[in-house]
Amino acid sequence: MPLPFLTADRDLDGHGSPEDPAAPAHTGPGHWRRPYRPGPWRVGTAAVFFLLASFVLLSAMIIGLAGSLTGAAICGAVAALLIVFALRMLRVGVWVSAHGLRQVALLRTTTAPWSAVAAIRTVQQPVRWLGLPRTVQGQAVVTHRAHETAPRILITDHNGDFQSRPEAFERAADVLEAWAAEYRGGGNP
């Protein structure tokens with residue numbers, strides 16, 4: 001069952017033109033949205049953690065029925081942590097709105113208003129493969145902020161969202177650059 005209202009890729013599912021990076025009519029300009037779908041690596045890893053959490057919850061139930069309520073509570077807490085971790089992993093990425101650019105990492109979130117974003121560009125550089133220490137030559141969308149000397153990497157073509165999906169990376173990079181040009185150029189509604 002497709003859920004086209006969840007991402008910016010809904011236009012490519014036959015509900016609009018792929019060239020239109022505009023927000024859908026039911027979302028306001030202040031609504032935070034991700035300009036791409038979570039990739040198969042990210043979704044698959046989260047699914048594994050959800051599966052692990054279900055086994056831990058099942059063991060919590062068995063331990064609780066056996067009479068050890070403290071053991072069941074500990075297993076329940078571990079399952080809750082696994083579920084929170086999996087949900088947070090699905091939320092990782094870049095989000096945009098008329099207010100600014102938000103980069104959600106696993107343990108922290110950084111938000112920059114559009115006035116602090118000097119430029120967003122796609123560059124060729126060594127990038128980390130699936131977030132691991134190994135680097136490969138690839139593309140990255142970087143942001144240059146007004147009061148920082150080093151650019152920040154927003155997305156790469158080898159991260160968990162775009163590994164083996166070059167067309168999705170190009171589309172997300174184009175949408176990010178278009179929204180940055182619109183919102184920084186005084187196009188705020």
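In the predicted model, the buried residues (under 20% relative accessible area with a 1.4 Å probe, protein chains only) of helix α1 are Arg42, Ala46, Ala53, Val56 and Ala60. Helices (H or I, at least four residues) and strands (E, at least two) are DSSP runs numbered from the N terminus. The cover over these buried residues includes α2 (69-91). The 27 residues of α1 should span 39 Å at 1.5 Å a residue, and the end C-alpha atoms are 39 Å apart, which agrees; the expected span is 1.5 Å times one less than the number of residues. After α1 comes Gly67, with a positive phi near 115 degrees.

Residues are numbered from 1 along each chain as its sequence is written. Local features need pLDDT of at least 70 and side-chain atom pairs count only at pLDDT 80 or more, while totals for chains, interfaces and linings use all residues, and side-chain values use heavy atoms, with hydrogens and water left out.

Ala119 lies in strand β4. Ala119 counts as buried because its relative accessibility is 11%. Beyond neighbours within four places in sequence, Ala119 is in contact (heavy atoms within 4.5 Å) with Val142, Thr143, His144 and Arg184. Val142 is 23 residues from Ala119 along the chain, and their C-alpha atoms are separated by 8.3 Å.

Both α1 (40-66) and β4 (117-128) supply at least two residues of the lining of the largest pocket, as do β2 (100-104) and β6 (152-156). The largest share, 5 residues, comes from β6.

Methods. Buried < 20%, exposed > 50% of the residue type's maximum accessible area, 1.4 Å probe, protein only.
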